[in-house]
Amino acid sequence: MMKNNGVGLYVHIPFCVRKCNYCDFCSFSDFDKAERNAYLSRLKEEIESYTTEPKIRVDTIFFGGGTPSTLTPGELLSVTDSIKKTFLISSDCEFSLEMNPGTVTREFLSACREAGVNRVSIGLQSIHDNEQKILGRIHNTNDFLQTVEWVKEAGINNFNVDLMYGIPEQTTESFAATLDTVLRLSPTHISAYSLIVEEGTPFYRMRNSLALPSEDEELEMVKTLEEKLSLCDYTHYEISNYAKPGFVCRHNLKYWDYSKYIGVGLCASSFDGENRYMNTDDRKDYISLGAAATRSVETIPLSMRAYEYAMLGLRTSFGISLSDYRLRFGKNFADGKEEKLSAMEKAGYLVWTEDNLKLTEKGFYVSNEILTQIL
Amino acid sequence: MLDKQKNIRNFSIIAHIDHGKSTLADRILEKTQTVDKRDMEEQLLDNMDLERERGITIKARAVKLNYTSKNGEEYEYNLIDTPGHVDFGYEVSRSLKACEGALLVVDATQGVEAQTLANAYLAIDNDLEILPVINKIDLASADVEKTRNEIEDIIGIPASECPAVSAKCGLNIEDVLEKIITDIPAPKGDVHAPLKALIFDSHYDSYLGVVVYIRVFDGTVKAGDKIRLMSTGALFDIVEVGTMEPFGLQKSDSLSAGEVGYITASIKTVGETRVGDTVTLAEGGAVEALPGFREVHPMVYAGIYPADGARYGDLRDALEKLQLNDASLVFEPETSIALGFGFRCGFLGLLHMEIIEERLEREFNLDLITTAPSVIYKVEMKNGETLMIDNPSKFPSPDEIGTSYEPMMKATVITPTEYVGGIMDLCQDRRGTFIDMKYIDTTRVELHYELPLNEIIYDFFDALKSRSKGYASLDYEMKGYVPSKLCKLDFLLNGEVVDALSFIVFEERAYARARKIAEKLKDNIPRQLFEIPVQAAIGSKVIARETVKAMRKDVLAKCYGGDITRKKKLLEKQKEGKKKMRKLGSVEVTPEAFMAVLKLDDEK
């Protein structure tokens with residue numbers, strides 16, 4: 001497994017042009033100019049609160065949201081200036097930024113380059129107008145193609161495309177068409193999420209009238225996804241993530257291998273190996289009081305850390321190192337679970353070797369069931 | 001003394017459902033000033049919540065009313081309510097026996113309907129005088145004349161002068177009260193003859209012990225008398241006698257011929273007083289009991305288990321409390337490998353079983369798992385021993401069995417002629433043996449069949465009703481045990497027998513049933529990581545097989561990196577859900593799935 005020595009930095013940009021119908025993330029479409037400015041200055045204040053001597057070394061940065069591409073070039077650069085002032089940025093730092101087609105300009109991409117962004121993640125979901133419309137997204141396929149063109153023009157060849165399956169009205173054929181369009185552009189990374197109707201979203205209120213694909217249809221889509229992506233040399237390295245060789249998302253990997261990370265902005269969380277810090281999700285509080293005054297902290301007991309370590313590690317195709325587990329938590333993961341693990345291995349859900357336990361492709365799709373049984 | 005009887009009228013009210021029986025009872029209570037209108041709770045007679053919701057009367061109740069007639073005479077009316085389902089047929093007949101007449105309520109907008117007819121015949125069979133009451137005349141669609149004609153033509157009783165009322169509006173209720181005097185006969189008992197009183201109901205009171213409801217036919221009974229219950233010979237000393245007033249029991253000096261009232265005698269359980277039994281004096285008592293007494297035995301047995309094993313003690317306490325008031329409920333502890341500790345319970349029929357289940361869940365807040373209902377089979381073993389089997393787990397292995405027997409009933413179905421064909425098909429389908437068919441008149445037929453009880457207990461009554469648009473009535477009594485090829489059907493999940501799913505079945509039906517239930521298991525067992533073979537077997541012979549396929553997808557894909565807390569919560573929730581699961585061997589099943597499998601009501 002890849003090892004990172006620096007810390008990961010997550011920056012939350014909660015602005016959106018409009019909120020998608022399935023979205024239950026911490027994002028808003030109604031920040032006015034003044035509130036937006038106030039937010040960004042609190043954000044920079046929070047970043048700068050990490051100033052230490054010597055500086056903390058950061059080797060992955062991730063701008064997520066919301067829609068970070070709704071920042072103006074000036075806003076983006078002022079935030080990244082803060083980051084550069086505060087942290088020691090590794091020369092090989094992976095710097096990702098999420099963007100939605102329809103919000104991206106060439107100017108913004110130049111600013112990205114200037115800021116050091118070397119990886120972008122484009123939220124496409126689908127190339128079909130009807131599916132986009134149901135999801136409540138603002139762009140069309142041309143916007144997407146344009147965005148990719150500009151991204152490449154800006155010299156950023158490492159990019160991810162977010163896709164979704166299980167969308168109302170979606171069929172295996174329409175999903176395959178989306179995949180084909182995307183694969184022609186050769187992204188280095190593809191994330192494919194299964195649509196979940198979450199409480200509190202417009203979809204939840206419409207849930208009885210949504211023409212959601214059946215479980216069998218969704219499985220067909222997954223099969224199509226697997227086939228097409230493996231043909232094009234993508235590795236399924238995490239439940240929802242696929243990458244060309246050498247292009248796994250190092251930042252996200254930090255969450256899964258239980259590394260330390262710092263999160264700044266509304267709703268962001270940080271982890272120092274023992275404590276989890278949660279920023280407030282109340283934008284008024286964040287803006288009026290600042291991050292430090294509104295942050296909560298939870299100390300994770302050793303046994304819970306062991307649980308989380310395995311829960312997260314088993315999301316990836318690398319799985320967990322059993323010797324690392326023993327070293328960290330002072331116990332053997334497999335103790336008392338030998339029979340279950342053997343049965344699951346025999347059925348092809350996981351691979352269990354001397355030092356490694358990992359789920360197989362087949363295991364990924366029933367991971368919740370497996371985890372509830374072995375954790 | 002004879003004068004007193006002259007001014008007593010004992011009657012019940014019978015009707016098709018929703019024709020207004022309870023409302024009329026309310027109005028009568030009100031008009032006789034027994035109940036103040038503002039104090040009145042709607043439908044006072046049905047005082048169990050469950051009864052109100054189901055709109056049926058589960059236990060008989062009685063109330064005494066005082067009425068001053070238009071010519072100034074004082075009358076005592078005893079209104080005796082009756083339960084309304086085939087499971088309680090015997091109790092109904094005892095309640096009716098306590099009366100001289102019945103008010104037959106007919107909805108003026110609907111006319112005579114299925115139960116109107118069935119109830120009317122039941123009353124006629126019990127020698128009651130029928131007073132028709134046409135109800136709901138306030139409604140625009142009411143057709144009083146047509147309804148009168150229907151009563152005369154279809155039931156064959158005069159109705160030209162019967163009262164036409166609106167119970168809802170309280171219209172013409174006095175007519176009913178006056179008609180009761182003229183049309184329902186006064187009791188004609190002999191006050192000086194030895195005591196003969198009919199027990200038609202009882203209930204348990206924590207202060208008084210068992211309160212026994214009686215109708216005195218001959219003689220007199222008072223506090224201090226030593227009484228004898230004629231079926232058992234049990235002796236008791238009367239502590240108190242009295243009458244049932246709308247708001248409670250009212251002590252009195254004595255009860256004599258013609259009167260309806262209660263007695264208490266430090267009786268500990270309702271089981272000691274049997275409905276239909278005759279009460280007489282220990283000394284100088286009657287020689288002959290009132291006719292028609294029948295011992296009531298449970299016909300249907302099922303295992304009842306708490307969904308949460310820790311509540312076994314609560315379930316026992318709850319059953320004991322219900323039994324205080326329900327002599328027909330019996331239970332004893334049993335254990336199941338799949339379900340843990342529970343009770344094997346005996347019921348009069350399926351409705352009785354459902355009512356008990358519902359009361360346990362509602363009044364005692366218990367979650368239950370109930371196994372498939374079964375009748376009592378008899379097995380003569382090759383070694384000469386005879387076994388009575390009320391639990392499939394006690395069924396011996398096929399090679400030990402000499403002859404097996406099942407309970408056979410003599411069933412009588414009364415139906416309008418147009419439904420005869422459908423009903424005959426139904427009876428044949430349920431392994432019935434045709435005995436004969438008699439025309440009661442040009443429109444009605446009485447069918448006699450011998451039907452295995454185990455066919456009757458599974459929704460036979462419902463099937464009968466649906467094939468006759470509700471007009472056919474069913475009555476059955478035990479004929480005895482007849483030889484029958486029986487076998488025990490076991491179900492295996494993952495190769496292990498799940499005892500709680502086993503049942504005894506007529507051999508020829510075994511294959512069809514096995515297939516159906518295996519299919520049901522397949523559909524109701526949630527998919528798990530591994531394939532689960534579902535097998536049905538007789539002994540070691542597998543006769544049906546299905547497979548619960550392995551689960552293919554449960555992943556929560558959209559859970560972005562940092563959101564660990566949420567992912568954790570979801571897993572915890574899923575784990576919580578697992579705790580509620582029932583382990584059937586190595587297979588986990590939700591209690592709901594278990595219930596779905598046990599419900600056999602879709603046998604059609």
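Predicted model: local features only at pLDDT ≥ 70, side-chain atom pairs only at ≥ 80, totals over all residues.
Chain A contains 16 helices and 15 strands. Of its 375 residues, 58% are buried. Where contacts in chain A join residues at least 6 apart in sequence, 72% of them connect residues at least 24 apart.

The contact between the two chains draws on 44 residues from chain A and 25 residues from chain B. About 3500 Å² is buried between chain B and chain A, with carbon and sulfur atoms giving 58% of this area. One salt bridge is counted between the two chains. In this salt bridge B:Lys568 is paired with A:Glu308, and the closest N and O atoms are 2.5 Å apart. The count of residue pairs in polar contact between chain B and chain A, both at pLDDT 80 or more, is three. On the side of chain B that touches chain A, 11 residues are nonpolar, four are polar and 10 are charged.

Two residues of chain A illustrate buried positions with contacts beyond their sequence neighbours. A:Ser191 is placed in strand S6, which spans residues 189-194 of chain A. The relative accessibility of A:Ser191 is 3%, so this residue counts as buried. With residues up to four places away in sequence set aside, A:Ser191 touches A:Asn160, A:Val161, A:Asp162 and A:Leu163, as well as A:Ser240 and A:Asn241. A:Glu75 is located in helix H2 of chain A. Its relative accessibility is 8%, and A:Glu75 therefore counts as buried.

Several backbone features were examined. Most residues other than glycine have a negative phi, and most peptide bonds are trans. In chain A, the peptide bond from A:Glu53 to A:Pro54 is cis, with omega near -10°. A:Pro54 is in the loop that runs between helix H1 (33-48) and strand S2 (57-65) of chain A. A:Gly65 and A:Gly66 are likewise joined by a cis peptide bond, for which omega is about 20°. A:Gly66 belongs to the loop between S2 and helix H2 (73-86) of chain A.

Positive phi values occur at A:Gln125, where phi is near 75°, and at B:Asn365, where phi is near 55°. A:Gln125 is part of strand S4 of chain A, residues 119-125, whereas B:Asn365 lies in the loop between helix H9 (350-363) and strand S19 (368-370) of chain B. A:Gln125 has a relative accessible area of 5% and is therefore buried. B:Asn365 counts as exposed because its relative accessibility is 59%, above the 50% limit for that class.

Over all chains, the whole structure holds 41 salt bridges. One of them joins the side chains of A:Asp324 and A:Arg328, at 3.3 Å from N to O. Both residues, A:Asp324 and A:Arg328, lie in helix H13 (residues 322-329) of chain A and are four residues apart, about one turn of the helix. A:Asp324 is partly exposed at 22% relative accessibility, and A:Arg328 is partly exposed at 34%.

In chain B, the side chains of B:Arg215 and B:Glu100 meet in a salt bridge with an N to O distance of 2.7 Å. This pair links distant parts of the chain, 115 residues apart: B:Arg215 is in strand S7 (residues 209-218) of chain B, and B:Glu100 is in the loop between helix H4 (89-97) and strand S4 (101-107) of chain B. B:Arg215 is buried, with a relative accessible area of 2%, and B:Glu100 is also buried, at 14% relative accessibility.

A further salt bridge in chain B is formed by B:Asp390 and B:Lys394, whose closest N and O atoms are 3.2 Å apart. B:Asp390 counts as buried at 13% relative accessibility, while B:Lys394 counts as partly exposed at 42%. Chain B also contains a network of salt bridges that links B:Glu406, B:Arg431, B:Glu455 and B:Arg509.

Definitions and conventions:
Residues numbered from 1 in each chain as written. Chains lettered and ligands numbered in written order. Heavy atoms only, no water. Contact = heavy atoms within 4.5 Å. Buried area = accessible area lost by both parts, 1.4 Å probe. Salt bridge = Lys/Arg side-chain N within 4 Å of Asp/Glu carboxyl O. Polar contact = N/O pair within 3.5 Å; in protein donor to acceptor, adjacent residues only side chain to side chain. Nonpolar A, V, L, I, M, F, W, Y, C, P; charged D, E, K, R; others polar. Buried < 20%, exposed > 50% of the residue type's maximum accessible area, 1.4 Å probe, protein only.
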